[in-house]
Amino acid sequence: MAGLSFQRSGQVRTDWSLEEVRALFELPFADLIFEAQQVHRREFKPNEVQVSTLLSIKTGACPEDCAYCPQSVRYDTGLEREALLDVETVLENARLARANGATRFCMGAAYRNPKRHQLAAVAEMIRGVRALGLETCATLGMLEPEQAEELKAAGLDYYNHNLDTSAGFYGKVITTRTYQDRLDTLQAVRDAGIKVCCGGILGMGETRADRAELLHTLATLPQHPDSVPINQLVQVAGTPLFGTAPLDPFDFVRTIAVARILMPRSHVRLSAGRSDMSDELQALCFLAGANSIFYGDRLLTTDNPAEDQDRRLFERLGMRPEAAPVPHIPGEAPMTANTRPESRSADSVELREQR
Ligand code: SF4
């Protein structure tokens, strides 16, 4: 088909038609995985996986009504709310993440949109994490353009803001902010020069057509997101989506493969829901082009596979963590591998046991 031949030519396209995306979803499974694997091998080292660690820096009491989220103040999930962590606690966690082999440290706060003083506190965390030689990522809800610029000035590398699902299915999941609100935040982030991390959640009761529409929207943004997290719904008792019929795992893998083909240079992250996946299913996701994971036994407020389990999985599959790019702090001379606080080469990075 035309889309696949374009991919073979090595172009990155943002003009995919919805019909092309739907056609990819309809390919026989083996054909789809084969195409995705070829794209993956053309653009990335096939056995390397980017490793991030995610820390909840402010937990619960969120005013939004995302139907999957235990942090919404509207649902009784037994989650204990926590105030914004202090900077030193965040930096302690970042040092531990670095010691365990993470190259990116993501900070998540359950806000609708951050207030001025909250943003200032997060900016201080970003500066501190950056000084440790880690890439930084934050997810703080909706941002105004000047807020995105403030985060950029603090040295933020990535901002996560997911579209969650298709525009058509979105209203069944969230009513307190619009799809356009999300697109506006993504534009503010892009305009500020911050890399975009944006993906969705599967298994919320959406159809294959919705999954195709979500990926079509992501792949036709002015620039592809640098990171595309593909989450599987973690069902939490007390949230409206608890009890939703589970997704066929092959449909999850299909979505990863289509994302890899549509957005060939993006890191596709196998994100929430990994603790419910077998090693074999995760291996299939890597084969389909997933090349990023969250490492650490908590993902904001839900479980993630234990570090030991991930290390064993990497060993069994002959996979290794991708080396981090050397971050550049705005206004400072670019760091080199020699001046970086703990320079690492690909050979020196490994998933380490907690010490
Ligand atoms: S997903 Fe984010 S915005 Fe939605 S309720 Fe949870 S913390 Fe709030």
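How many nonpolar, polar and charged residues are in the shell around the ligand? The shell has 4 nonpolar, 3 polar and 1 charged residues by class. The legends below describe a predicted model.

Figure 1. The residues around the ligand are Cys62, Glu64, Cys66, Cys69, Gln71, Ser72, Ala110 and Gly141. Of this shell, 4 residues are classed as nonpolar, 3 as polar and 1 as charged.

Figure 2. The protein has 12 helices and 12 strands. Of its 355 residues, 47% are buried. Taking contacts between residues at least 6 apart in sequence, 78% join residues at least 24 apart.

**Figure 3. The largest nonpolar core, with Met107 and Ile256.** This core has 89 residues, and those with the most contacts inside it are Met107 and Ile256. Helix α10 (residues 249–262) contributes the largest share of the core, 8 residues. In soluble globular proteins, nonpolar side chains tend to be buried together. Leaving out residues up to four places away in sequence, Met107 touches Leu55, Ile57, Val90, Val122, Met125 and Ala138.

**Figure 4. Packing of helix α4 against helix α5.** Helix α4 covers residues 87–99 and helix α5 covers residues 116–131. The two pack at an angle of about 30°, and their axes are 10 Å apart. The crossing of α4 and α5 is right-handed. From α4, Val87, Val90, Leu91 and Ala94 meet Glu124, Met125, Gly128 and Val129 of α5. By class, this contact has 6 nonpolar, 1 polar and 1 charged residues. Two of the residues named here, Val90 and Met125, are also touched by Met107.

**Figure 5. Ala61 and Asp164, two residues with positive phi.** Most residues other than glycine have a negative phi. Ala61, which is not a glycine, has a positive phi of about 60°. This alanine lies in the loop between β1 (48–58) and α4. Ala61 is partly exposed because 14 other C-beta atoms lie within 10 Å, a count between the limits of 12 or fewer for exposed and 20 or more for buried. In Asp164, phi is also positive, near 75°. Asp164 is found in the loop between β4 (158–160) and α7 (167–170). Asp164 counts as buried because it has 22 C-beta neighbours inside 10 Å.

**Figure 6. Ala212 in helix α9.** Helix α9 covers residues 208–219. Where does Ala212 stand, buried or exposed? With 23 C-beta neighbours inside 10 Å, Ala212 counts as buried. Beyond residues up to four places away in sequence, Ala212 touches Leu18, Val21, Arg22 and Phe25. Thr165 is 47 residues from Ala212 along the chain, and the C-alpha atoms of the two are separated by 9.6 Å.

Figure 7. Ala36 is buried, since 28 other C-beta atoms lie within 10 Å. Which residues does Ala36 touch, not counting residues up to four places away in sequence? They are Ala257, Arg260, Ile261, Ala288 and Gly289. For Arg260, the separation from Ala36 is 224 residues in sequence and 5.9 Å in space, C-alpha to C-alpha.

Figure 8. Thr53 counts as buried because it has 26 C-beta neighbours inside 10 Å. Lys115 is exposed, as 11 other C-beta atoms lie within 10 Å and the limit for an exposed residue is 12 or fewer. Thr53 and Ala102 are 49 residues apart in sequence, with their C-alpha atoms 6.1 Å apart in space. For Lys115 and Gln147, the separation is 32 residues in sequence and 9.4 Å in space, C-alpha to C-alpha.

Conventions: Residues are numbered from 1 along each chain as its sequence is written. This is a predicted model: local features need pLDDT of at least 70, side-chain atom pairs count only at pLDDT 80 or more; totals for chains, interfaces and linings use all residues. A residue is near a molecule or strand if its C-beta atom, placed from the backbone, lies within 6 Å of it. Ala, Val, Leu, Ile, Met, Phe, Trp, Tyr, Cys and Pro count as nonpolar, Asp, Glu, Lys and Arg as charged, and the others, Gly among them, as polar. A nonpolar core is a set of buried Ala, Val, Leu, Ile, Met, Phe, Trp, Tyr and Cys residues joined through C-beta atoms within 7 Å. Helices (H or I, at least four residues) and strands (E, at least two) are DSSP runs, numbered from the N terminus. Two residues are in contact if their C-beta atoms, placed from the backbone, lie within 7 Å. Axes are lines fitted to C-alpha atoms, for helices over the stretch in contact, and angles run from 0 to 180 degrees between N-to-C directions. A crossing is left-handed if the near helix is turned anticlockwise from the far one by less than a right angle, and right-handed if clockwise.
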